[in-house]
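The following note is intended for a reader who is new to protein structures. Please keep the sequence and the structure in view while going through the points.

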Amino acid sequence: MLPAVADAVRAARSVVALTGAGISAESGVPTFRGEEGLWRSFRPEDLATADAFARDPSLVWRWYRWRRQIIAGVRPNPGHVALARLEARLPRFTVLTQNVDGLHGLAGSASVVELHGNIWRARCTVEPGRIVDERPSGPSCSPDSNELPRCGCGALLRPDIVWFGETLDAGVLAQAAEAVRTCDVLLIVGTSGLVYPVAALPEAARHAGATLVEINVARTSLTVIMDHVLRGPAGVVLPALDAAV
Ligand code: BV8
């Protein structure tokens, strides 16, 4: 299976990698739905929705500060690095990530579309265009502080992340749709394929004639539409694919 995938990637004019929490698992970032997944201990409705934030902004900020603390302590793994290496060697390579951890950029990927935002950015709840970059130094990064971060205008800051029930940025979604419609190969890495509208992107790619490859440790709701399945951890499979291309 790997040689066939390597041949398809080598011959492709454009390759897209759609990634989810699974690609960061080997860096030590918890996934959402796995055995140790975040949703095992927390209910998404209690933390990753605008209602939850309106109800208890302090609880939501504590959760994101806790996740920031984990992410501040991890590094990209060989899976992230392999995608950056493929980007450097192929004519056109784009990463569409559902992850908010910023690890693709740290690994050296230049063409990254963050579909659901970034955990290190906060934005004003009154003027959404006012964005604050809070890489491990910002006031709301200290995990044990209970203070609620505020914008210069005095309003609350919220994580610059797409929550359940919120629409994705129209420009970002259009860019992602265009990328999958015009690619020859779509690598789908480490995602359960359960959350829309991102989960609809592989079908759009397939409809446009792309070759679909799933890289995951387990079957998912997307497996049934794959042309190829490379079963295994992204940190092992992607370097092997990079070496074979
Ligand atoms: C929208 C940021 C229009 C947050 C995320 C009712 C009310 C409101 C909305 C809905 C509703 N019903 C349905 C919806 C739509 C909803 C949705 O799809 N819900 C699902 C649950 C049914 N979607 C939305 O709300 C979206 N907006 O639709 O707006 C609208 C508006 C109102 C009403 C209707 C429609 C916005 C969704 C964005 C939510 N934000 N993240 C944060 O991070 O805090 S979602 C989050 O989960 C991720 O970002 C990702 O997108 C999604 C799935 O997670 P995965 O990345 O796939 O991770 P998961 O743990 O699930 O899977 C890990 C995979 O990795 C597994 O397959 C595992 O086997 C594999 N793996 C593990 N280890 C490895 C590995 N693979 C390889 N190597 C390894 N080592």
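**Note on the structure**

1. Arg 121 has Asp 133 in β5 as its bridge partner. Three bridges join β5 to strand β4 (residues 117-124), and the two run antiparallel. Two strands are said to pair if DSSP finds at least two bridges between them. Helices (H or I, at least four residues) and strands (E, at least two) are DSSP runs, numbered from the N terminus.

2. The model is predicted: local features need pLDDT of at least 70, side-chain atom pairs count only at pLDDT 80 or more, and totals for chains, interfaces and linings use all residues. Residues are numbered from 1 along each chain as its sequence is written, and side-chain values use heavy atoms, with hydrogens and water left out.

3. β4 and β5 belong to an open sheet of three strands, ordered β5-β4-β6 with antiparallel pairing. β5 (131-133) and β6 (157-161) are at the edges with a single partner strand each, so one side of each has no neighbour in the sheet. From one strand to the next, the twist averages 40°. Axes are lines fitted to C-alpha atoms, for helices over the stretch in contact, and angles run from 0 to 180 degrees between N-to-C directions. Helix α6 lies across β4 and β6 and runs at about 140° to β4; contact means heavy atoms within 4.5 Å.

4. Another open sheet has six strands in the order β3-β2-β1-β7-β8-β9, and its pairing is parallel. Its edges are β3 (112-114) and β9 (228-231); each has a single partner strand, so one side of each is left without a neighbour in the sheet. Here the twist averages 15° from one strand to the next. Helix α7 (residues 78-89) packs on this sheet, touching β1 (15-19), β2 (93-97) and β7 (185-189), and its direction makes about 150° with that of β2.

5. Asn 216 has Arg 231 in β9 as its bridge partner.

6. Which residues are closest to the ligand? They are Arg 33, Tyr 64, Arg 67, Gln 98 and Ser 192, in a surrounding set of 33 residues; a residue is near a molecule if one of its heavy atoms lies within 4 Å of it. By class, this shell has 17 nonpolar, 12 polar and four charged residues. Ala, Val, Leu, Ile, Met, Phe, Trp, Tyr, Cys and Pro count as nonpolar, Asp, Glu, Lys and Arg as charged, and the others, Gly among them, as polar. Helices α2 (22-25) and α6 (57-72) each supply at least two residues of the shell, and α6 gives the most, with three.

7. A backbone N or O atom of Val 162 lies 2.8 Å from a nitrogen atom of the ligand. A polar backbone atom of Gly 165 is 2.7 Å from a ligand oxygen atom, and a polar side-chain atom of Thr 191 lies 2.7 Å from an oxygen atom of the ligand.

8. Tyr 196 and Pro 197 are joined by a cis peptide bond, with omega about 5°. Pro 197 lies in the loop between β7 and α10 (201-207).

Notes:
A polar contact is a pair of N or O atoms within 3.5 Å; within protein, one must be able to donate a hydrogen and the other to accept it, and residues adjacent in sequence count only if both atoms are side-chain atoms.
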